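Me: Please take me through the strand pairing, the helix packing and the aromatic contacts of the structure shown below.

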Amino acid sequence: MAARIALAVSVNAPADRITDALSTSEGLASFWTTDSHAEPHTGSVARFGFGGPELQMRIDRLDPGRRIGWTCLNDFPMPPGHWAETTVTWDLTQSGDGAEVLLQHGNWPAPIEQAELAATAYTWALILTALKGYAETGTPQPVFAATPHPEES
């Protein structure tokens, strides 16, 4: 099995604000993709659109201000794929007026190339940077501006 991706950032915002950004449609649309749909409760499935097929993540854990855990239910709709059954965790640690955010993406299938992991890590770094900016300023800055599916318009 391939190594997990791990990225960390300090965010000058309360951990609860970061939890809201990571668990609601409005929050996710403000830093990841504008076509985001999520309900903030365990067992729900968050959907992320990128102008075509969507990524689906089941919310396995929602511990506000501490940890959000997802399991990917399908492959990422853009190369590189291989996301099905991988896990994403967001660990939040309050630190003064802000929080430390540790993003980990693991449980990768064995036959994945290092270049694919590197490309995914780069994308996560962009997303994590946008999360930081949104949580600190309240100004949406999504990495992907997707067109919703026609039936959702």
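**Strands, helices and rings**

Strands E6 and E7 are joined by nine bridges and pair in the antiparallel sense. The model is predicted: local features need pLDDT of at least 70, side-chain atom pairs count only at pLDDT 80 or more, and totals for chains, interfaces and linings use all residues. Residues are numbered from 1 along each chain as its sequence is written, and side-chain values use heavy atoms, with hydrogens and water left out.

Me: Which residue in E7 is the bridge partner of Gln 94?
Reply: Helices (H or I, at least four residues) and strands (E, at least two) are DSSP runs numbered from the N terminus; two strands pair if DSSP finds at least two bridges between them. In the hairpin of E6 and E7, two residues lie between the strands, and Gly 96 takes a positive phi near 65°. The partner of Gln 94 in E7 is Ala 99.

Me: What is the strand order of the open sheet?
Reply: The sheet has seven strands with antiparallel pairing. Its edge strands, each pairing on one side only, are E1 (5-11) and E2 (35-37). The order is E1-E7-E6-E5-E4-E3-E2.

Me: By what angle are neighbouring strands of this sheet turned against each other on average?
Reply: Axes are lines fitted to C-alpha atoms, for helices over the stretch in contact, and angles run from 0 to 180 degrees between N-to-C directions. For this average, direction is ignored. The value is 20°.

Me: Which residue in E4 stands opposite Arg 47?
Reply: Strand E3 (residues 45-49) pairs with strand E4 (residues 54-63) over five bridges in the antiparallel sense. Four residues lie between them in a hairpin, where Gly 51 in the turn has a positive phi of about 85°. Opposite Arg 47 stands Gln 56.

Me: Which residue in E5 is the bridge partner of Arg 58?
Reply: E4 and E5 run antiparallel and are joined by six bridges. Their hairpin has three residues between the strands, with Gly 65 at a positive phi near 80°. The partner of Arg 58 is Thr 71.

Me: Which residue in E6 stands opposite Ile 68?
Reply: E5 and E6 run antiparallel, with five bridges joining them. Opposite Ile 68 stands Trp 90.

Me: At roughly what angle do the axes of H1 and H3 cross?
Reply: Helix H3 (residues 114-137) lies across E1, E5, E6 and E7, running at about 15° to E1. The axes of H1 and H3 come within 10 Å and cross at roughly 125°. The crossing angle is roughly 125°.

Me: Which residues in H3 meet Arg 17, Ile 18, Ala 21 and Leu 22 in H1?
Reply: Contact means heavy atoms within 4.5 Å. Those four residues of H1 meet Leu 131, Tyr 134, Ala 135 and Glu 136.

Me: What is the angle between the planes of Trp 32 and Trp 70?
Reply: Rings of Phe, Tyr and Trp (its six-membered ring) pair if their centres lie within 6.5 Å; planes under 30 degrees apart count as stacked, over 60 as edge-to-face and the rest as tilted. The count comes to nine aromatic pairs. Trp 32 and Trp 70 form a stacked pair, 6.0 Å centre to centre, with an angle between the planes of 15°.

Me: How many residues apart in sequence are the parts that this pair ties together?
Reply: Trp 32 lies in the loop between helix H2 (25-31) and E2, whereas Trp 70 is in strand E5. The pair therefore ties together parts whose separation in sequence is 38 residues.
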